[in-house]
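Here are my notes on this model, point by point. Please keep the coordinates open while you read.

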Amino acid sequence: MFSASSATASSSTTTAEPRRTRGIARLAASVVATGLVVAGALTGAGGAVADEAPPHQGGATATLDGLKTFDSAVLHAPDGKNQKLPAGLFEMTVDGGGKFKTYCIDIHNPTQDQAKYLETPWNQTSLGTNKNAGKIRWILEHSYPKIDDLQALAEEAGTGPLTERTAAAGTQVAIWRYSDNADVTASDGQAEKLADWLQKSATDTAEPRASLALDPVAVSGNSGKRLGPVTVRTNAGQVSVNPPADSASGIRITDKKGKAVTTATNGSQLYFDIPAGAADGSASLTVQATTSVPVGRAFAGATKSQTQILAGSSESTVSASATATWAGKGAIPAVTAKKNCANGGVDVTTSNTGDEAFTYELAGAQHTVAPGKSETVTVPVAEDQAYDVTVTGPGGFSRTFKGVLDCKTTGSGTDGLTTQTAEQPTTTTATAGGNTAGAGAEGNLAETGSSNATPMIAGIAIALVVIGGGSVFLLRRRKDQSSGE
């Protein structure tokens, strides 16, 4: 699909690996991803090495392959100008194995060729402030490709004969009317009837739960104790939890009673069991599973690229990480971060389970968290802007977090739009938001694919966010110590 804006955005292009090395790379990544990675020794409140935390808090990671099944639609602008654009299904290749089909929920922004996408909660995308978000999920559950019997779909909707292309176009048009409040119509008569039926029939439906997430993603405490709990949230029947990669460290992952665990299910509580006398340090736990990601999960670009919503999934690889930090004495911080679309920024939450105050710098300002306390600072980030910031503290504490704040759909103006229709050739990076490669029906989604990018390995999940030169505009202090930190 194409966006209705000529705005350019930076892309992060993934270089394809040679076919003969992909299997080896995926196997190696899986082995590392399910292990416990112990960081270098820390002194006092933090390590001397800067850790760059990935902007992902759990779930699937995928690479955009392009628009695959589509027909045309017409966007009607307020100035009376009409814009023809393709409308339909994208495909993505999941890191570690799997395939996705997605629709656009961000019509006015461009897609970037081979952009990396991350499974993202609704409240960290434009859906979080969209009162019609639940209706979009209803459309996905009641139309193509979730309903792949096109004859039955046509009969229920009263459209007349549908093809995969027109069904995809009609579904996308109905979604745009709710995701972007767009005045858009399908070019094909049957597709337009489907869009109208879906729009009128849609009712509010709850957001599906994450394919895999850990809560919280950072804990801290004294050595000689079990740190946690970290709760598993997943739709998979079971997830893998491997023992420490460095068995000599003595660090184990256990349940509440101290029994070592190698697998977990939804609701399981995991603990980092830190030996008494262990050198000050940190460790990152990653759990992994193979599951079908629920229809309706949002996918945001790791770089600036049009937000997508899941319409279909094969069995795919998903992962999530949590980090523990420990020390014998002094300040012991645990820091997390997430996008705050309601306030236009990024929430950075810092807790301190040590016996001394923890002082750190964030957005050019100094903050102090007393022992047993926590605070949340919201750092303003401009819409559609990337943030790339390092946060520092005593003892060489340093963490970096990167991401893009993409919380809104932009205006409906089409000035400067380079027109590309479904009949036109593909561009490397779509000027108007869609890669039109592969016109026609796509391959079998049920066939498990493999990524052409290095599989994402969830790393240390201490998420610290600052926008360079930005000022802190909201500071909330929580007086009570967070549970399990």
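1. How many of the six residues of β7 are buried? Five of them are, so β7 is largely enclosed by the rest of the structure. Buried here means under 20% relative accessible area, exposed means over 50%, and partly exposed lies in between (1.4 Å probe, protein chains only). Helices (H or I, at least four residues) and strands (E, at least two) are DSSP runs, numbered from the N terminus.

2. Ground rules. This is a predicted model, in which local features need pLDDT of at least 70 and side-chain atom pairs count only at pLDDT 80 or more, while totals for chains, interfaces and linings use all residues. Residues are numbered from 1 along each chain as its sequence is written, and side-chain values use heavy atoms, with hydrogens and water left out.

3. Partners of β7. Strand β6 (residues 82-94) runs antiparallel to β7, and four bridges join them. Strands pair if DSSP finds at least two bridges between them. T93 has K99 of β7 as its bridge partner. The hairpin of β6 and β7 has four residues between the strands, and G96 there takes a positive phi near 90 degrees. β7 also pairs with strand β19 (residues 308-313), in the antiparallel sense, over five bridges. The bridge partner of F100 in β19 is S313.

4. Cover of α2. Seven of the nine residues of α2 are buried, and the helix is mostly covered. The buried residues are A133, G134, I136, R137, W138, I139 and L140. The cover includes β7, α4, α5 and β19. Contact means heavy atoms within 4.5 Å.

5. Packing of α2 on α4. The axes of α2 (residues 133-141) and α4 (residues 164-179) come within 9 Å and cross at roughly 170 degrees. That makes α2 roughly antiparallel to α4. The classes are: under 35 degrees roughly parallel, over 145 roughly antiparallel, 65 to 115 roughly perpendicular, and the rest oblique. Axes are lines fitted to C-alpha atoms, for helices over the stretch in contact, and angles run from 0 to 180 degrees between N-to-C directions.

6. Who meets whom? On the α2 side, K135, I136, I139 and L140 meet T171, A174, I175, Y178 and S179 in α4. The residues of this contact divide into six nonpolar, two polar and one charged. Ala, Val, Leu, Ile, Met, Phe, Trp, Tyr, Cys and Pro count as nonpolar, Asp, Glu, Lys and Arg as charged, and the others, Gly among them, as polar.

7. Aromatic pairs. The whole structure holds four. Rings of Phe, Tyr and Trp (its six-membered ring) pair if their centres lie within 6.5 Å; planes under 30 degrees apart count as stacked, over 60 as edge-to-face and the rest as tilted. For W138 and W197 the centres are 6.2 Å apart and the planes stand at 55 degrees, so this pair is tilted. W138 lies in α2 and W197 in α5 (residues 189-201), so the pair ties together parts that are 59 residues apart in sequence. Both W138 and W197 are buried.

8. A second pair. F358 and F397 are edge-to-face, with 5.5 Å centre to centre and 75 degrees between the planes. F358 is in strand β23 (residues 358-362) and F397 in the loop between β26 (386-392) and β27 (398-404), so parts 39 residues apart in sequence are tied together. F358 counts as buried at 1% relative accessibility, and F397 counts as buried at 3%. F358, Y360 and F397 form one aromatic cluster.

9. Backbone items to check. Most residues other than glycine have a negative phi, and most peptide bonds are trans. A cis bond joins Y144 and P145, with omega about 10 degrees; P145 is in the loop between α2 and α3 (150-157). The bond from D215 to P216 is also cis, with omega near 0 degrees. P216 is in the loop between β10 (212-215) and β11 (218-222).

10. Positive phi. Q114 is not a glycine, yet its phi is positive, about 60 degrees. Q114 is in the loop between β7 (99-104) and β8 (116-120). A363, also a residue other than glycine, has a positive phi near 55 degrees. A363 is in the loop between β23 and β24 (365-369). Q114 is buried, with a relative accessible area of 13%, and A363 is buried with 13%.
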